[in-house]
Amino acid sequence: MIIQPKVRGFICTNAHPEGCAANVREQIDYIKAQPTMAGGPKKVLVVGASTGYGLASRISAAFGCNADTLGVFFEKPPTEKRTASAGYYNAAAFEAEARKAGCYAKSINGDAFSRQIKAKAIDMIRADMGKVDLVVYSLASPRRTDPQTGELYSSVLKPIGKSYTTKSLNTDKLEVSEVTVEPATEQEIAATVKVMGGEDWELWMQALNEAGVLAENCKTVSYTYIGDKLTWPLYGRATIGKAKEDLDRAAKAISERGQASARVAVLKALVTQSSSAIPIMPLYISLVYKVMKEEGTHEGCIEQIYRLYTEGLYTDTPRLDDSNRLRVDERELRAETQRKIEALWPQVNGKNLFELSDYKGYQADFLKLFGFGVEGVDYQADFSPLVKADFS
C-alpha cells in the first residue's frame, strides 16, 4: 500500500515502516559520529524503549557504548490492512541494526505496569545478560492498572487550586486561541500521581533487586520536564508537577534502599507523542524551536540523551540542581533564551504563526515521529505494512 499520514488532532493514527527505520538509522549515525563514551553501561534495560527519549536511550547505549539492551514497550503490531504503531517499527529497526553491529538486542511487547512483564524481563535478563548496570525508566502512558488491586487509573493534565487560561494552538485548523483548563479534583491529582509518578519505577527496581539481576554499580534514571514561567501552570503547579515530585521521592527511596544509584533527569521540551497532547506545548515548543535554532542551541532527543550520558550519568562532575536532579535542559532555560520566547508569546497568533514561530519545524518533527517526512524515503512507493519482529 501507499502509506500517507493520517493525522487527527495531536495523534497520527498510522506509521510508515521504512520512514521509521530511516529515522532510527539517522539517530544511530549521529551516535556513531560522536566520541566513544568512556565508562558507559554494558547491560541496559530500557522500560519505554520504542519512541522518543526511551528509544534514544537505547540507541545511545548500544551504539555509543556497545551495550547489550533489553527493551520493554507496548506497541500495536501490523496487519495486512493496517500499519503498526510507530514504536513497533522503531523497535524492529533498532533490533536489526543492533544485531548487525554485534550487540544483543531483544524486546518485550506488553504492559510494563504488570507483574507478568516484569517477571518476563527478569527471566530474559537472567538467561541472556546476567545483570544490568543501567535501568532507564522512560514510560509514558495516560493510564495504569495497579498490579495489586487491578484498579485502572487515568491521568489528567490540569492545574491545581484554580483554573488556568492560556494560549493554545489548534494544530488541525492552525488557529491560536485562549483555552481555560479547570482545576483538578483531589481524586484526579491522586490518580495522575499513580500513573505518572514514581511508584512503578520503584516496583521495577524492587523486582529486579529481589531477583538479583542488578549489578553492584547499577544506575537508574527516569525522565522529566520542568520548563519555565510559561509552562509552570501546567507543569510545576499542576497534576503533572505532583507526579514529577513523586519521581523525586522515588529516586531518593531507590537510592536509600541500596538498589541502585537513582536520579531523575530533566530534559528539554521536544515534540513527542506525549507533549503533543498538552494544551500549551505545541505553541510553546514551536517558539522554543525558533529561538534555539537561531541561537544554534537546538537539540533533538538523540542529542539530549548523548549529553545526558556524557555530561550526567557517566561523568565525575554531573550537572545537578538543588533537588539532586541531572539537568540537560540548561540551554532551553538560559535567561536570554526564555526572554526571547516570552517576548514572542503575546504576539503570536494564527496569522503570523509561521513568521514568529517554527511551527513548520514542529510539524516536521511531529510527522517524523511516525516515519513521515524522513529524507531518502519514497513516500509514493508501495510498502507492505507487515514487518517481521521477534518480540517476546
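This is a predicted model: local features need pLDDT of at least 70, side-chain atom pairs count only at pLDDT 80 or more; totals for chains, interfaces and linings use all residues.
## Ground rules

Local features here need pLDDT of at least 70 and side-chain atom pairs count only at pLDDT 80 or more, while totals for chains, interfaces and linings use all residues. Residues are numbered from 1 along each chain as its sequence is written, and side-chain values use heavy atoms, with hydrogens and water left out.

## Helix α8

Let's start with α8, which runs over residues 281–295. Helices are DSSP runs of H or I with at least four residues, strands are runs of E with at least two, and both are numbered from the N terminus.

Twelve of the 15 residues in α8 are buried (under 20% relative accessible area with a 1.4 Å probe and protein chains only; exposed is over 50%, and partly exposed is in between). Among them are Met281, Tyr284, Lys290 and Met292. The cover over these buried residues includes strands β9 (164–170) and β10 (175–181), plus helices α10 (335–344), α11 (353–356) and α12 (359–368).

Thr166 belongs to strand β9 and is buried, at 4% relative accessible area. Skipping neighbours within four places in sequence, Thr166 is in contact (heavy atoms within 4.5 Å) with Ser177, Glu178, Val179, Ile280 and Trp345.

Gly130 lies in the loop between α4 (115–129) and β6 (132–137), and is partly exposed at 34%. Its C-alpha atom is 26 Å from that of Lys32, 98 residues away along the chain.

## Aromatic pairs

The structure has eleven aromatic pairs. Rings of Phe, Tyr and Trp (its six-membered ring) pair if their centres lie within 6.5 Å; planes under 30 degrees apart are stacked, over 60 edge-to-face, and the rest tilted. Tyr88 and Tyr89 make an edge-to-face pair, 6.0 Å centre to centre with 85° between the planes. Both tyrosines, Tyr88 and Tyr89, are buried. Ring pairs also link Phe73, Tyr88, Tyr89 and Phe391 into a cluster.

Over in helix α12, Tyr359 and Tyr362 are three residues apart, so about one helical turn separates them. Their ring centres are 5.7 Å apart with planes at 20°, so this pair is stacked. Tyr359 is buried at 2% relative accessibility, and Tyr362 is buried at 3%.

Definitions and conventions: The expected span of a helix is 1.5 Å times one less than its number of residues.
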